[in-house]
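Here is a short note to read beside the model. Keep the structure open as you go through the points.

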Amino acid sequence: MVAKNGSIYSQGSIKKYNCQFCDYSSLNSGHVRRHILTHTGERPFKCNICGRGFTQKNNLKKHMLVHFT
Ligand SMILES: [Zn+2]
Ligand SMILES: [Zn+2]
């Protein structure tokens, strides 16, 4: 079976992406890449008010509330 997005899934051999630092794995390479940031300490999402960095956009969004309440 060939999916429209180019991924090929055949029974029993679904491609999985693994974290090189722990046993986390996901079918979505983007999820794994984002997860790996929690190991490397990289924080690409920066608050433009106080400069604090976050690993995930959602965390930054949540943090922004402290400035707007
Ligand atoms: Zn990991
Ligand atoms: Zn802030």
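This is a predicted model: local features need pLDDT of at least 70, side-chain atom pairs count only at pLDDT 80 or more; totals for chains, interfaces and linings use all residues.

The points below go from the whole chain to single residues.

1. Next, the overall layout. The chain contains four strands and two helices. Their order along the sequence is β-β-α-β-β-α. Trace that pattern on the screen before going further.

2. How much of the chain is buried? The share is 0% of its 69 residues. Contacts tell a related story. Take the contacts with a separation of 6 or more: 0% of them join residues 24 or more positions apart.

3. Now the record. UniProt, in an unreviewed entry, places "domain: C2H2-type" at residues 17-44 and 45-69. Such annotations may be inferred rather than shown by experiment. Residues 17-44 are 43% helix and 14% strand. The end C-alpha atoms of that span are 21 Å apart. Residues 45-69 are 32% helix and 16% strand. There, the end C-alpha atoms lie 20 Å apart.

4. Look at Tyr 17, in strand S1 (residues 17-18). Is Tyr 17 buried, exposed or partly exposed? It has 16 C-beta neighbours inside 10 Å, so it counts as partly exposed. To be buried it would need 20 or more, and to be exposed 12 or fewer. Leaving out residues up to four places away in sequence, Tyr 17 touches Ser 25, Ser 26, Ser 29 and Val 32. Gly 30 is 13 residues from Tyr 17 along the chain, and their C-alpha atoms are separated by 9.2 Å.

5. Step back to Lys 15, in the segment before S1. Lys 15 has 10 other C-beta atoms within 10 Å, so it is exposed. Ser 29 is 14 residues away from Lys 15 along the chain. The C-alpha atoms of the pair are separated by 9.9 Å.

6. Move on to Tyr 24. Where is Tyr 24 found? It sits in the loop between S1 and strand S2 (25-26). Tyr 24 has 15 other C-beta atoms within 10 Å and is therefore partly exposed. Beyond four places in sequence, Tyr 24 touches Cys 19 and His 35.

7. Finish with Asn 58, which lies in helix H2 (residues 57-64). Why is Asn 58 classed as exposed? Because 10 other C-beta atoms lie within 10 Å, and exposed means 12 or fewer. Asn 58 and Phe 45 are 13 residues apart along the chain, and 9.3 Å separates their C-alpha atoms.

Terms used: Residues are numbered from 1 along each chain as its sequence is written. Chains are lettered from A and ligands numbered from 1 in the order in which they are written. Two residues are in contact if their C-beta atoms, placed from the backbone, lie within 7 Å.
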